[in-house]
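Please view the sequence and the model below before reading on.

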Amino acid sequence: LIQGKILRNCHVLVTSRPYHCVKDLEKCHQFYRITGYSKQDSIRCIDKYFDKSPESAEKLLKQLAGNINLSEIVVNPLNNVLICVVWEENKEELPSYVAELYQMMIYSVARRFCAKKGIAMKSDKLPPNIEEALQDLGKLAWEGLKQDQLQFNVEDIKRKCHTSADNMLNMGLLTRDHSFSRIKRTYYCSFLHKTFQEYMAAYYISQLVKDVRTKTKGIRRIRSLFGMKEATETHLKLISTRRKRYREVQNFLLAVLGDHAGPLFDVFAKELNKVKRDKDKDHLSSMCIVWVGLSVAGGKMVEIVVPCLSRHITNVAADGGSYYDIDDHVSWFVGLTHLASCHKKQAAAGRDPLSFQHLTVDLPRPDDEILRKEKIDALRAALSGCDRIRSVTLHCFEEHDVGNGTIHTLEGHEISPLEVFIPQRGTETVVLEFEQLSWSRFEDILDDLSKIQGLKHIRVNVGFDSDDMYATYDSKLARMIKMQKCLKSVKITILGYNTLWGYTANLTATVRSISEHATLEVVVLDHLLWDGDCYHTDTFDASEMIDALAECINANKVLKTLRLSWSIHDDHLFDPSCRVTCSSESLSALCSAIQRNLTLETLVIEGLFSESESGGRQELIDELLRNRPENYKELRIILLPNFESFNDSHDYYSGFDDSCSNASGGSPSYSSDDSDSSDDDGGYDDRSSYASDGSPSDSSDDCDVSEMSPQSQPTEPALPTKTDSQGQN
């Protein structure tokens, strides 16, 4: 395919750095990732390098196996060979991170050059003229990268660098080539690999920053490298562009500077203080956390930026995407560990921790290096002491394939994300959004939610990847509500096959737990089901549940919003095998309880049971709606049509509206809703709403949980209408 022997008119893009051409890759019809360089390939590479000394190969492999951090280095053949060279040249010592690998390699090359030229070295320190040559090589590398230049004219180097030119050209870090012109042949040179050029550019800037005489010049280079201008406003687009363009140089610089990275993080702090809009501060804070994670001295450097960071720490953008490239995902979690440790350290010292209050996390992917158990344990230990976190939002979307809401470590352990990201002393608000979940995992989540201390608001959006739901949904949910004594709002949306409908319809225990709760004000339980067959042939009698609901409405004087809905978008809904019955006595008792309740503001019961064959239910509801108490901003009880009568019609879902309105001269509608659609009933507008200090815009403890999630939620399902022969709705 690449040689053009097949599909000759097909364009093929091959890249070893896909993060530099994301937009181009999005246009491709097919995308393939070559992941063939495995651990076994690395072992074969080392064995081949030390083919004449098998004991050396065995010793090196043993050291690599015992050093977890080095697994991030041995990821390609180039680094594999460099590891062998450095280990052999440096008395069997191994680097701890990638930048140190290149640092040791450059030193080995320079030392070999000195030995070859007979240049004396004092102890292990390079002579001044060799240091000068390396600095000039770094300057050449940086200027080349700014101009996207990988080849350099040899004569230009000799003219510009004078005394150090010969050392630069002959040290062994540059390769030479010539032009193909037969008239005037020009000689060029280039670095051994682009990564060497990027490292040398970082080395050049780091040397400027470390030297007091050139520090100002070094900071100017830093601002250019990171896209942070000496202006009154921050240019986030430029910062993001520079991150994509100079990612490797930035990473090398953060590592090479080490404990000397203070001036770099001072620049970050100043940039954070210039940001005015909350979402921009969230964005830049996320990038700063990545840079903290990449710094060798991240635990020290985070103290510089922590007073300037957003109070809302997130790696999820407002549009559901990420603030940074996928390759920085691991670094963000390492930076978050440093940030949480700093928070914990400040609190232990008796200082008021100037740290975050809200945490929104796109969970790590299965192959992320962060998923090593020791790193997960470090993150969990750090976050456990963050007692100021008011809300935690966890995302796990289908394309990430995290594994049914469970963190799988590379060692084979399974850990609940709530155990990792929820502080030990609990939090006020938890928002969970999992696109693909197994029912057993959902059960575990409900159990985990039951144990969180101080929980006031719960918002859960889950999609089930199969129809393996069990009848324990009601009991598990009831137990969670009962265990959380301070709970003020519960909003759960379940999406899945309509085969789950039979397991979700009976909420008797849940309704009873709501009835007994002393602080619960908002309950929204939405079940959005589709695409399946109703296998449950037994008729479900909802009378007991309706009786419990009537008792709840009579007894609970705290509840303001109650929404129970089942929206099944599939023709199979109207199979008689899915019938739900309810006695007229139970429905009458419910209507009476609704009439007497003076505290409820929103009550919606949608899609639970159908109109009886003999009628009567509609009349009860019509009577209730005609005499609706004034305290109800929204009151809706929506019955499904009679199964048999519906089978004669096929246009039930032909139109959708926000209410079942009357046709001229028609009967009253099934619902009464005088409120604006943005009222506080259902938490469907889950757009982010944070004040300038990072706290939710509603400063009271009674804030709607929907405001805690920066991810937009599904809009409220519209009510179906059915038109009869007279044109009435």
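Is Asp328 buried or exposed? Asp328 is buried, with a relative accessible area of 1%; buried means under 20% relative accessible area, exposed over 50%, and partly exposed in between (1.4 Å probe, protein chains only). The model is predicted: local features need pLDDT of at least 70, side-chain atom pairs count only at pLDDT 80 or more, and totals for chains, interfaces and linings use all residues. Residues are numbered from 1 along each chain as its sequence is written, and side-chain values use heavy atoms, with hydrogens and water left out.

**Salt bridges**

The structure holds 28 salt bridges, each being a side-chain nitrogen of Lys or Arg within 4 Å of a carboxyl oxygen of Asp or Glu. In one of them, the side chain of Asp328 meets that of Arg243. Asp328 lies in the loop between strand E4 (312-314) and helix H16 (329-348), and Arg243 lies in helix H11 (residues 236-245), so this pair ties together parts that are 85 residues apart in sequence. Helices (H or I, at least four residues) and strands (E, at least two) are DSSP runs, numbered from the N terminus. Arg243 is buried, with a relative accessible area of 4%.

| Salt bridge | N to O distance |
|---|---|
| Asp328 and Arg243 | 2.8 Å |
| Lys274 and Glu271 | 3.3 Å |
| Lys345 and Glu303 | 3.3 Å |

Lys274 and Glu271 are three residues apart in helix H13, so about one helical turn separates them. Lys274 is buried at a relative accessible area of 17%, and Glu271 counts as buried at 1%. A network of salt bridges links Lys274 and Glu271 with Arg223 and Glu230.

The salt bridge of Lys345 and Glu303 links distant parts of the chain: Lys345 is in helix H16 and Glu303 in helix H15 (residues 298-305), 42 residues apart. Lys345 is exposed, with a relative accessible area of 52%, whereas Glu303 is partly exposed, with a value of 38%.

**Aromatic pairs**

Rings of Phe, Tyr and Trp (its six-membered ring) pair if their centres lie within 6.5 Å; planes under 30 degrees apart count as stacked, over 60 as edge-to-face and the rest as tilted. By this rule the count comes to 17 aromatic pairs. Among them, Tyr102 and Phe252 form an edge-to-face pair, 5.4 Å centre to centre with 70° between the planes. Tyr102 lies in helix H5 (residues 98-117) and Phe252 in helix H12 (residues 247-257), so the pair ties together parts that are 150 residues apart in sequence. Tyr102 is buried, with a relative accessible area of 2%, and Phe252 is buried at 7%.

Phe268 and Trp291 form a stacked pair, 4.5 Å centre to centre with 25° between the planes. Because Phe268 lies in helix H13 (residues 262-274) and Trp291 in helix H14 (residues 278-294), the pair ties together parts that are 23 residues apart in sequence. Both Phe268 and Trp291 are buried. Ring pairs also link Tyr102 and Phe252 with Phe196 and Tyr199 in a cluster.

**Helix H25**

In helix H25 (residues 617-626), the residues Arg617, Gln618, Ile621, Asp622, Leu624 and Leu625 are buried. Seen down the axis of H25, its buried residues fall within an arc of 160°, so they line one face of the helix. The arc is that of the directions from the helix axis to the C-beta atoms.
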